[in-house]
Structure formats: C-alpha cells, structure tokens
Amino acid sequence: MTEHPRQYVELHARSAFSFLEGASLPETLVERASDLGLPALAILDRDSLSGAVRFHMAARQVGIRALIGAEVTMAVGGRCGLLAQNRRGYQNLCRLISRMKLRAPKGQAAASWEDLEEHAEGLICLTGGEEGVLAVALQEGLERAHECLGRLVSIYGRSNLYVELQRHYDRAEEARNRTLVELAEIWHLPLVATNGVNHARPEDREVQDVLTCVRHKTTLAEAGRLLARNSERHLKSAEEMARLFADLPQAIAHTRELADRIEFTLQDLGYQFPKYPTPPGETMNSLLRKLVDQGARQRYRPYHERAQRQIEHELAVIEKLDLAGYFLIVWDIVRFCREQGILVQGRGSAANSAVCYALGITAVDPVGMDLLFERFLSEERGEWPDIDLDLPSGEQRERVIQYVYQRYGKFGAAMTANVITYRERSAARDLGKVLGFEPPLLDRLSKILAAHAWEDPEDTPERRLSQAGLDTNQPRLRHFLRLYEAIQDLPRHLGQHSGGMVICQGQLDAIVPLEPATMPGRVVIQWDKEDCADMGIIKVDLLGLGMMAVLEDSLKIIREVYGEEVDLAHLPQDDPKVYEALQKADTIGMFQVESRAQMACLPRLKPRCFYDLVVEVAIIRPGPIVGKMVHPYLRRRQGLEPVTYPHPSLEPILKRTLGVPLFQEQLLRIAMTAAGFSGGEAEQLRRAFGFKRSERRMKEIEQKLREGMTRKGIDPKAQEEIVRAITSFALYGFPESHAASFALLCYASAYLKVHYPAAFTAALLNNQPMGFYHPATIIKDAQRHGVRFKPVDVNRSDVICTVEDHGGEKVVRLGLNYIKGLRRQVAEAIARERLRAPFASIADLVARVPVLERDELVALAEAGALNSLLHGTHAHRRAALWEAELVAKPAGPLFADQSSEIQNPLRPMTAGERLRADFSRTGVTL
C-alpha cells in the first residue's frame, strides 16, 4: 500500500445530538478520536448543529480539528452529508437548516433540490451511506441513481462532491459499494471512505439499540431489523480503516485531502451584537454614560464618592470590552416594560453591577452590599455578561418577548434552546418500556429512581432499588441498571429555554440554525445557553415569575381601590411588622419563605435586617444542605457554637456568614485565596457548578484545588472542609446577588401582605397555581389575619377576584374565575353585561348572556352566585337551582312539559351541604 494509514480522517460521525440516532456525546467521540490518533473528526448530526459547540470546545482542548457539518434530510428521500468549507459555507448550512425547519411541522423538515442549489456555496457534499440520498435513489434503479448524481453534480460541481463508501461486513452494503464505485468512475467523481459512526466504541452499540427502540416506539424484543446488524459503526483507527479499504486506498487518501481543504472552525463564527441606535451627536458609550449618570443621581441620594468610583470603574470596563450596546438594549427592554406598566426586575449576577442599578435594570445596591462586580463582568473572564429580567408570568411576559422579536426582526432575535437530557425519571421510563417492563413495575422504578436524596452523596440507583425491596441480582434488573447508567445525560430532544433570548446584528440564521418553537410566534436557536456563552453570543433572559404578577396586580389594586401609590423600589426599610411576621414564620403566600423547611428555619434564624433575609433565601437550598452548612450557621447565629474559619486567610471572605460558606461568590473567592486560582480558573469552577455533566469536571477541579491548597500550606483537615464546601455546590450553587434580588421580592411580598392583606390576597388568588398552598389555604390564612371575603355573585363579581371598599374596610370578592366549568368567554360576557345594568333575575341573565350553557348556569346556582337574583325566603341555592332549571335552554326533562308557575318545593341546603357545594364548584369555602 502506497498511502500511509495515518492519512485517514473520519468524515461522517453522528453524535447523540442526532437525537436518538447517535449513542455518544460529542466529547466522548472527540476523546476516542484523540486516543486513536485521528488528526481531525467531522460530526454530521441529522438536520442539526445542536452539538457543534460542545464538539468544537472538546476538540480544541485535545488538539484535534473539529470539522463542522450536518446531515440534511432530502424531500426525495435519503440524506446529504454537508461539510462547511469556509464561513460562507457555514452560513449557508445554517440558513438551509433554518429554511427547512421553519416552514415544516416539527420533525418533518426536508430540503428540496432547489434549497440545496440556493445554499450550495462553500459546502462540500458527501453522498452518504445506506441512509444517503444516492443509496436511496439506487434502490429505485440505476436510472434514478444517475438522475440523483446529475442533480448533485449540477449543484456542487465535481470538485465538491464525493461518493461515500462504508463497510460494516454486510453483503447488501458491499454489493451497493461496487455499484457506487462504478458510478463514481462514470461521473469522474472522487471516492471517500467513512465508517458512518453512530457510537464511540463497539460496546456502545447496546445503547444505540435502546435509542433506536425509543425512536420507533417499540421494544428490544420486537425491534427486529430496525436494530444495528452488528457493532461496526464505531470510531476506528486509521490502520483499521486502511485494512478495511485495502482495495481502494484512494478512498482513504481522499479523507485527509478533503479535511485539509476545510478552513472553517467555529472560531470564525462572525457573531455581532446589534448596535443600539443613538441620537445625532451621541455614541453608544456617551449615551450610556449620560443615562447612567442620570440614574445614579436618582438612586444615590447623595451620589457619594464610593458609588461614583465604582460606576466609573464599571463604565471603563464596559467601554474597553465594547459592551455599551448590550447595556443600552437591556435598558431599552426595561424602559418598554415601565412605559407599558409591566413590573420588571433584573437578577442574577447583574445585581453585582452598579451600572445596572443606576439604569434601573436591578433593584439591589451592589455598593451598599459590597457585591463583587467581577462575578458579573471582567476583562479576564473573556465572557459576555448575563442579565436576567424577571417579569410577570403569562401575558405580560409574552408582550415583552414579542416586543424584542418586533424590534430586531424575524431573524434578529430568537429563544435559546434547552437540551432535554435523560435524567432519573425519563431514563427509567424510556428504558423500562424498551425492555418490555410491565406498567406497574415501570411506575415503581421511575418513582424510586427519581426520589434522589440531596443529603446522601453516596446514594446509588442500585442501593435505592435494594432499599425498596427489589432484587438487584435478578438478570433483567441488572441489565436495566447497566443501561440506565449508560444513557444518563444523553440528549433526548431539543426544548425551549424558559426565557433566554439571543439578539444578533443582521441575520441570526447565519450564525446558528433556527427552529419553530411549540408555542406559536416563537423561534428557537439550536444552541443552549452554555453554547451561547462559549461562542461569545450575548443573551438576555426574560423569565416569567409568578410573584412578579402578584406584586404587579397588588400595586394596581392598591392604586385603584386604596387610592395609594406604592413604589417597590422605595419601600420603608426594616419595617418592624414585616420582620415580626417573618420571625414567627407567618409567611403563607410570601415569596421564597413559605415552604415548610423555610418556616422551620425562620424562628431559629430570626431575621432582623435585609441581609438576614438574603441568607434566609439562600440557606434552605440543596447546596448548603448537602455541604452540611445549615445547622452550623444557625447554631453560630444563636450563640451555641463559636465562629471559626477553615483557615485564617478566609476570615475576610466568610465573616458576614459567620465562617460558613453559603454563596457561590464566596466559594470562588475561597478558591482564589486558598488554592491560588486565577480569575479565569475561578470562572471555570463557576461554569462547572452549573454544567449538567459536572461530576467529571468537578473531579478535575477538586484535584487542582487540593494541589493549590497544599502549596499554600493548608492542612489536610481544613482542605477536606473547603473541598466539601466547594464540591457540594457543584449542581446547586446559589449566587449572593441572586439571593439579594430574591430577598427584595420576598421583602416586597411580606410588606404587601402585612400592610395591604386584602389586595395581596386577591392578587395571589388571581395568579394560581403558584407557591406551596391551595387557594383554600390562602383564604383561611387571610381570614385569620382579619380579611373578610364575599362570595361569587353574578351581580357583583368580576372575572377575577377584586377588592371592594365597604365603608373603609377592604373586602375580597371572589371572581367568576373560581367557578369550575365556567368558560372564560362566558365570565367576560357576564361581567360586560352587568356593567350595562344589573341582572334583574335568572331569566334576565339567561336572556342577556346567550353563550351561557345549562351546565354553567347550574354551576353558578350551586356555588351560590345566583342568590342575589332571588327574593325573600327563596334566596338560597336550591331555589336558584329550581329556577335555573325552569329557564335553562334547553330545559331539563323535569320541566320539559310543565308550566313555569310551579312553586319551588326544595328546602335550603344545610351548612354541610353548602360546604360540600363550595368545594365542588369553587374549590374554596368562605
């Protein structure tokens, strides 16, 4: 053989981001390729670049070239493998996939020949293996194969089209290969050898089979020929591939030649954040400075020197990193919210920024709280900032999202994706179905495995099943457990992030493929938030928060009914009534502190100031619980044990939290102080906290921590304490700035509940479900606090719960929304008609609201909502039911042939019957 075997490059691998078609993560494929000595690797996922960023990052780490491409499904059948030769080719690939996806129902996207032709520049085409467009055409005969090649040659030319050969020890495949070689000779096209890789190692074939069964909704026992014929579709060494294609050495040589032609890497993405339009004579920097100065003078009274120094420092960093446009765009979204009367508050690491505070993006003063700006933005981090905006969930948030879409155009903005991966419950359910487990066993397994205890890091699936009384030595269960561990964290499908939006200068579809979201009017990119961060793509999180809707509704009621204006940004600080309620754990309905665990903690922590509330919000979290930090903190606060520090150098970092690390920022500072981590290494540590597959990354970081602490002379016992504190936050880290933002909302909800209980309760009832408590519990709690309620009444109730002024007393009136089975449009029609004139009788109601159906009228009668339309001794629910049956359209059988003059013979309901009717028809009782 004249060719050196090291010339081989695998040009056609699928990763798990082909969603149920590939069995290995991009990182696993890269690791295996590196072990095999391959100089480059191409991953071509089906109609997707979802795994491209992880592939690129992993390849860069081990020093092999990541060749970017995708398999594109063809409308004529089969797939084309497309590799991006240059940036133009990458842009065309993104636009091609976007066009396919955006015009078709989910899962049915396909490209036409015309689509390929329009987006051909800069792309190299492989004809594919058995799923390839040429192989599928060949099944219909040689004439169709020639026709297919003719179209491909006309689109890509002979220099950018390769006839692909694969060998997996299959007779039919070998017969097809002989025909493909002949076709390549006739058309003067180069041959290229690939292995059509679906998994990294031979042993991964079993996982591949499981995913195939999930995709086809069948079991392993019934899958038959859907399953792989053998285990050959794994990554192979250059030597193996050279032996496999010993008769066609040119097909091996062409792999390296083709790989050398590819110039593009994701490093050349070309992403630009949109420029904010500025008035004449202003630059983005000068406009930002002007807005920040105006805002700072309103926020800081007086605008003291420390705040001025901090803001000047932050503006200098922002200007140096050329990020003024980003801050202006977020400010513009906040401005839109304020103009539209939509409550908005920034949280997350943005709360560390005095510039964000001055612009009104956040409500936490980071100067007063001594928060670390570098946790949000620094030159060394080399990463864009991340601003989260909390908005009222529902319609108001959707208005803001649509504003961003309209402002930046069809391809200028999109939601980030959320890669849905196999976790405990989903892995157990899908795998159990594939193995043919009976439904009762399947339900039991998924419940046991999903009940993962935070407090026990040594917990394993096997131990959980054993403790539940299952025999884990039974072969079927052992097989299940082995595969259960193997599919953990593999991507299952692409979902939509709860609120992350990416905005791009020009065309976002040239940066990353777009897909339609399940929700109408929304578009999603194929990358998740981690990918966006890795590629330097800025996103803004527009997150729906139920409590924001409650606060917004409360303020509206207070304005309209009480005639008072409450500004959440300027609530009286340290209100004694608020802290009295918190210390007694009288917190039903309050944000973040209403759970049973928080209620148990509050009387021990006894918050007396805002920072105590920040700690309270953060302490009942998995991180502090796993790290065994809750009880030491509470005991130290109560004076039951002395305040100590793992090492004297950590005292300045941990003093505020009594020597106990509670926040992510503290852990980063500990790593920098105790282990000598640089800012960049601390940032890697922070990223590992939130990474879905952080166990391996945390092990690597733990090793670096121990080495650094040993160099600093920290003894092993202290090292153990520090490492436990840091690693316990691996999956559950909570930043101090985040806790401060939540504490503000907690304080606001507590203040409104204490001082405006009727308004707050009505708003809570109108925004169900949320929190821990049923509306019935919320009503009983409010009644204990002296709030009076009035029942649903068609002549007084609005669609939602309202507050009425009864001689100075504020009373909550239940809304028509609490009548089960009453359609929203009917409730709106009733409220609209009542505004014209009160209803005189049940017959009048039926006549004026023709959309009201018989069952809905009966529901209103049973709930007591029609009692006000009756008179004297007959003003009770059964009388209303009798009259409702008389006037209902169509009438019930009892009254079908009877006179409407029949007197009501029914006695009133007893108290017990009314109680039962209340819960049956409204879910609550007064």
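Axes are lines fitted to C-alpha atoms, for helices over the stretch in contact, and the angles between them run from 0 to 180 degrees between N-to-C directions. In this predicted model, the axes of helix α22 (residues 546–562) and helix α33 (residues 736–755) come within 11 Å and cross at roughly 40°. Two further topics follow: a three-strand sheet and the buried residue Ile361.

**Helices α22 and α33**
- With angles under 35 degrees counted as roughly parallel and 65 to 115 as roughly perpendicular, α22 and α33 are therefore oblique to each other.
- The crossing of the two helices, α22 and α33, is left-handed.
- From α22, the residues Met547, Met548, Leu551, Ser554, Leu555 and Ile558 meet Leu745, Ala748, Ser749 and Leu752 of α33.
- The residues of this contact comprise eight nonpolar, two polar and no charged.

**Sheet β15-β17-β16**
- The sheet is open, has three strands in the order β15-β17-β16, and shows mixed pairing.
- Its edge strands, β15 (788–790) and β16 (802–806), each pair on one side only.
- From one strand to the next, the twist averages 40°.
- Three bridges join β15 and β17 (residues 809–813) in the parallel sense, and Phe789 stands opposite Val812 in β17.
- Helix α34 (residues 757–766) lies across β15, β16 and β17 and runs at about 155° to β16.

**Ile361**
- Ile361 is in the loop between α15 (354–358) and β9 (387–392).
- Its relative accessibility is 1%, so Ile361 counts as buried.
- Beyond neighbours within four places in sequence, the contacts of Ile361 include Phe327, Val330, Trp331, Val334, Cys356, Ile387 and Leu389.
- Ile361 and Arg706 are 345 residues apart along the chain, and their C-alpha atoms are separated by 39 Å.

How values were computed. Residues are numbered from 1 along each chain as its sequence is written. This is a predicted model: local features need pLDDT of at least 70, side-chain atom pairs count only at pLDDT 80 or more; totals for chains, interfaces and linings use all residues. Side-chain values use heavy atoms; hydrogens and water are left out. Helices (H or I, at least four residues) and strands (E, at least two) are DSSP runs, numbered from the N terminus. Angles under 35 degrees count as roughly parallel, over 145 as roughly antiparallel, 65 to 115 as roughly perpendicular and the rest as oblique. A crossing is left-handed if the near helix is turned anticlockwise from the far one by less than a right angle, and right-handed if clockwise. Contact means heavy atoms within 4.5 Å. Ala, Val, Leu, Ile, Met, Phe, Trp, Tyr, Cys and Pro count as nonpolar, Asp, Glu, Lys and Arg as charged, and the others, Gly among them, as polar. Buried means under 20% relative accessible area, exposed over 50%, partly exposed in between (1.4 Å probe, protein chains only). Two strands pair if DSSP finds at least two bridges between them.
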